[in-house]
Amino acid sequence: MIKRIALAAVASMALSVSAQAQVLDFENIASSYPSGNNTLVQGFYNGGTSSAGTSGTNYGIEFSSNALAICLNTPGVNCSNTSRGGLGNPSSARGGLFFLTGSETYMNRNAGFMNGFSFFYSAANTGGSFSVWSGLNGTGDLLASLSLGTTPSTCGIEYTAGFCPFVAAGVNFAGVAKSVTFAGAANQIVFDDVTFGNSKPGVSVPEPASAALLAAGMAGLVGVARRRRKA
């Protein structure tokens, strides 16, 4: 009985850890697919809605006012000039992040995040950069930054896309970050599978506190098993 209770507790902890994993795939921000490229991300990942009225998982992440969801081409569907080209998770192939005004867009996470940050991106004509900051709105200490070069345009004809395929970019950093700025020429760079806590995009990882909690639960389970054997 004790063992079953302990197992249930650890399973509950594991679910908590899983819930902390954060990969923003920018799917379903628009109300339909294919869609136009005029849906603002807004509070889609912050307990609110996009400008289309859709809502996603509440990760406590808010985007700047110019952050848009772009419709990505898939075989047989031509909704823009951009496609993932079959790269990565097939369920993340229909939407990405871009901007049409200004020279950058940004996102805030009030709770902060640690260790690493990454994404896939496509920039066929003009490169860009991204920066990780300790404060909100791209302020405070600069924790990490990386220049982003142009990407190849080598996808097959079935994707009918000049911006394709995407490539991976990421950094590790020390400290607690609260915002990220994505810079480049407007309408010339697209991002997808924005990933917190890992320098490799699309890889979900638990936050440190949750990982420690899970480890403690596992250790407790081992202790229960040992005491039962001795009894």
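Which residue of β5 does Ala69 stand opposite? In this predicted model, Ala69 faces Leu97 of β5.

**Strand β4 and its partners**
- Strand β4 spans residues 67–71, and five of its five residues are buried, so the strand is largely enclosed by the rest of the structure.
- Ala67, Ala69 and Cys71 point one way from β4, while Leu68 and Ile70 point the other way; residues on both sides are buried.
- Strand β5 (residues 95–99) runs antiparallel to β4, and five bridges join the two.
- Strand β2 (residues 39–40) also pairs with β4 in the antiparallel sense, over two bridges.

**Cis peptide bonds**
- Tyr33 and Pro34 are joined by a cis peptide bond with an omega of about 0°; Pro34 belongs to the loop between β1 (23–24) and β2.
- Cys164 and Pro165 are likewise linked by a cis peptide bond, with omega about 5°; Pro165 sits in the loop between β8 (142–148) and β9 (167–184).

- Asn137 is not a glycine, yet its phi is positive at about 60°.
- The loop between β7 (128–133) and β8 contains Asn137, which counts as partly exposed at 43% relative accessibility.
- Asp193, also a residue other than glycine, has a positive phi near 50°.
- Asp193 is part of strand β10 (residues 190–196); its relative accessible area is 5%, under the 20% cut-off, so Asp193 is buried.

Methods
Residues are numbered from 1 along each chain as its sequence is written. This is a predicted model: local features need pLDDT of at least 70, side-chain atom pairs count only at pLDDT 80 or more; totals for chains, interfaces and linings use all residues. Side-chain values use heavy atoms; hydrogens and water are left out. Buried means under 20% relative accessible area, exposed over 50%, partly exposed in between (1.4 Å probe, protein chains only). Helices (H or I, at least four residues) and strands (E, at least two) are DSSP runs, numbered from the N terminus. Two strands pair if DSSP finds at least two bridges between them.
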